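This briefing goes through a few local features of the structure shown here, grouped by topic. Please read it with the sequence and the coordinates open alongside.

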Amino acid sequence: MPRPVTAALIARLTEQYPQLDLAERLMTARRVIGGRIVFTTSFGIEDQAITHVVFTAGLEIDVVTFDTGRLFPETLDVWGNTERHYGRQIRALCPDRDGTERFVERYGVRGFRTSLEARLACCALRKVRPLGRALAGAAAWITGLRADQSPERAQTTCAGFDLLHRIIKLNPLFDWTRDRVVAFVRGRGVPYNPMHDQGFLSIGCAPCTRAVAPGESERSGRWWWEQEEKTECGLHADPPTWRSRSALSRA
Ligand code: SF4
């Protein structure tokens, strides 16, 4: 459980956030939270909105990403365009080399398609473990989660305590709609992935992402071949399920 001072901080942010715009939410977090704050971006449209505020307001927040080795070329273009646009570098976290070689040897190069266990092991290796390195020693973690992205994210709140990493977790877009995010990004000329305009509402690794049809949920194009537990990679498991815990131990 969070310490009383942390719980009080989360309660304060929870009370204030609904009245604040995005910039005010991020500036408030930076003002009231001591220590390092980490923002993890996958260059999705929500993350681009947050990146825009962090960089234009000059907030002392570390912006990091997971270079999984399986990203779309278009995502790499957004990464480069964003760095050029704002004149800032985004830190890349890569999967462990030995772990990657062991994974491919054990499961094969497309092994993540063979079973849920293999897929979670791949996500653990390429995302969850690098996240642990990114958050080591940090006081807070900022994400681009929205509550209406999927049923699994419906309980997303503006601020909470991440039990796995024992850190404050902030979701400054928790109450935004997709339309509001799109309007924010387009209205400010923020670089974004053109795949979003082609039905790719949620963009992750290339082999595990496809476009969705109108009316389908935003994250239904992720791990679409799985029948259950298909819309999360383990980054936002809190507390971790037995499956993600065991995947971490195997990766
Ligand atoms: Fe591996 Fe797919 Fe997860 Fe990327 S999204 S880490 S390729 S299983």
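Predicted model: local features only at pLDDT ≥ 70, side-chain atom pairs only at ≥ 80, totals over all residues.

**Pocket, strand and ligand**

Helix α1 gives the most to the lining of the second largest pocket, contributing three residues.

- Sorted by class, the lining of the second largest pocket comprises eleven nonpolar, two polar and two charged residues.

**Strand β6 and its partners**
- Strand β6 (residues 167-170) is covered on both faces, with Ile167 and Lys169 buried on one side and Ile168 and Leu170 buried on the other.
- Strand β4 (residues 140-142) runs parallel to β6 and is joined to it by three bridges, and tryptophan 141 has lysine 169 of β6 as its bridge partner.
- Strand β5 (residues 159-162) runs antiparallel to β6, with four bridges joining the two, and alanine 159 has leucine 170 of β6 as its bridge partner.
- The hairpin of β5 and β6 has four residues between the strands, and in this hairpin arginine 166 takes a positive phi near 55°.

**The ligand**
- The space taken by the ligand is the second largest cavity.
- Surrounding the ligand are Arg70, Phe112, Arg119, Cys122, Cys123, Arg126, Lys127, Cys205, Cys208 and Trp223, a shell that divides into six nonpolar, no polar and four charged residues.

Notes:
Residues numbered from 1 in each chain as written. Heavy atoms only, no water. Near = heavy atom within 4 Å. 1 Å grid on protein atoms, 1.4 Å probe; cavity = no way out; pocket = protein on both sides within 12 Å on 5 of 7 lines; lining within 4 Å. Sits in = over half its atoms within 2 Å of the grid points. Nonpolar A, V, L, I, M, F, W, Y, C, P; charged D, E, K, R; others polar. Buried < 20%, exposed > 50% of the residue type's maximum accessible area, 1.4 Å probe, protein only. Pairing = 2+ DSSP bridges.
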